[in-house]
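Please keep the sequence and the structure in view while reading.

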Amino acid sequence: MYRTKEVHEKAENTQFVKDFLRGRIRKELFKLGAVALYYTYTAMEEEIERNKDHPDFAPLYFPAELHRHEALARDLKYFYGPEWQSQVSCSQATQRYVDRIHQVGQEDPVLLVAHAYTRYMGDLSGGQVLKKVAQRALKLLPTGEGLEFYHFGAIHSAKAFKQLYRSRMNELELDMETKKRLVDEAVKAFHFNMEVFEELEEIGKTIQEDVLDAGMPVHGAMGGDISKCPYYAAKMAASGGTAYACQLAMAVLRHPTGQVLFATWFAALAGLAAWYLM
């Protein structure tokens with residue numbers, strides 16, 4: 001319960017996330033967020049390439065459909081110019097996330113499934129909403145420059161692809177203990193993401209610039225009804241790491257400021273938990 005409360009408080013008190021979900025974006029922080037994503041996805045996709053033939057990951061290898069680091073590189077070129085690589089660096093919080101991804105990719109590749117599933121499925125689920133908010137607030141062109149990260153051009157139906165991805169996960173021959181470890185690793189990934197958000201919040205305190213307002217809140221009116229969490233039943237049936245993952249999902253879903261960004265991410269996390277129960 002203590003860990004659940006701690007993560008819950010971090011989620012609801014992160015100003016960077018609250019502002020984004022209200023449609024209020026500071027361009028410099030948005031750019032730094034893209035930098036963090038670039039290093040995160042570069043690390044993850046390096047390890048995916050390393051393990052693309054590993055029996056515990058091979059069925060989930062979809063580079064053309066999912067890989068994001070090249071799209072993020074184009075976004076950074078748009079924001080920073082052709083010499084962008086000399087202008088960006090990996091932050092401390094992002095480096096800890098990157099180090100963990102490399103560690104699991106090299107030492108325990110099956111855990112790479114947790115990082116890939118939660119990141120890609122979360123981004124695929126909520127990316128279009130977040131793209132519209134950023135596009136409007138930053139006054140970017142509708143042609144997509146600066147927001148290529150959110151565009152999955154090789155996926156024609158997000159719903160159908162997510163169904164395919166989950167069916168491929170079912171092909172993995174994993175025992176219950178390994179599935180539990182995957183859920184626990186997904187929870188760790190959430191902590192790393194929260195550390196990045198908190199770091200951006202601290203950086204934001206030192207930047208003097210106008211806040212760009214999209215003129216609309218992103219969060220919906222779902223309210224605090226936890227029964228609206230699609231994996232509530234999974235939580236009720238689960239125990240251990242699985243129960244913890246779904247408790248986290250519901251704790252965040254109780255708060256409107258988290259309902260878009262965290263709902264999509266936690267839908268993936270809770271989906272992994274539900275898969276663990278199969």
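## A buried threonine

In this predicted model, Thr40 has a relative accessible area of 4% and is therefore buried, since the cut-off for that class is under 20%. Thr40 is a residue of helix α3, and, when its neighbours within four places in sequence are set aside, Thr40 is in contact with Thr94, Tyr97, Val98, Ile101 and Arg119.

## The packing of α3 against α7

Helix α3, which covers residues 27-50, packs with helix α7, which covers residues 112-138, at an angle of about 155°, and the axes of the two helices are 13 Å apart. Because angles over 145 degrees count as roughly antiparallel, α3 and α7 are placed in that class relative to each other. The crossing in which α3 passes α7 is left-handed.

On the α3 side, the contact is made by Lys27, Phe30, Leu37, Thr40, Tyr41, Met44, Glu45, Glu47 and Ile48, while α7 contributes Leu112, His115, Ala116, Arg119, Tyr120, Asp123, Ala134 and Leu138. Sorted by class, the residues in the contact of α3 with α7 are ten nonpolar, five charged and two polar. Thr40 and Arg119, which are in contact with each other, are both among the residues that make this helix contact.

## Salt bridges

Across the whole structure, a search finds eleven salt bridges, and one of the pairs that form a salt bridge is Glu28 with Lys31, for which the closest N and O atoms are 3.5 Å apart. Both Glu28 and Lys31 belong to helix α3, where they are three residues apart, or about one turn of the helix. With a relative accessible area of 28%, Glu28 is partly exposed, whereas Lys31, at 11% relative accessibility, counts as buried.

A salt bridge is also formed by Lys52 and Glu49, whose closest N and O atoms are 3.7 Å apart. In this pair Lys52 is partly exposed, with a relative accessible area of 31%, and Glu49 is likewise partly exposed, with a relative accessible area of 32%. The side chains of Arg168 and Glu171 also meet in a salt bridge, at 4.0 Å from N to O, and Arg168 counts as partly exposed at 26% relative accessibility.

Conventions. Residues are numbered from 1 along each chain as its sequence is written. This is a predicted model: local features need pLDDT of at least 70, side-chain atom pairs count only at pLDDT 80 or more; totals for chains, interfaces and linings use all residues. Side-chain values use heavy atoms; hydrogens and water are left out. Axes are lines fitted to C-alpha atoms, for helices over the stretch in contact, and angles run from 0 to 180 degrees between N-to-C directions. Helices (H or I, at least four residues) and strands (E, at least two) are DSSP runs, numbered from the N terminus. Angles under 35 degrees count as roughly parallel, over 145 as roughly antiparallel, 65 to 115 as roughly perpendicular and the rest as oblique. A crossing is left-handed if the near helix is turned anticlockwise from the far one by less than a right angle, and right-handed if clockwise. Contact means heavy atoms within 4.5 Å. Ala, Val, Leu, Ile, Met, Phe, Trp, Tyr, Cys and Pro count as nonpolar, Asp, Glu, Lys and Arg as charged, and the others, Gly among them, as polar. Buried means under 20% relative accessible area, exposed over 50%, partly exposed in between (1.4 Å probe, protein chains only).
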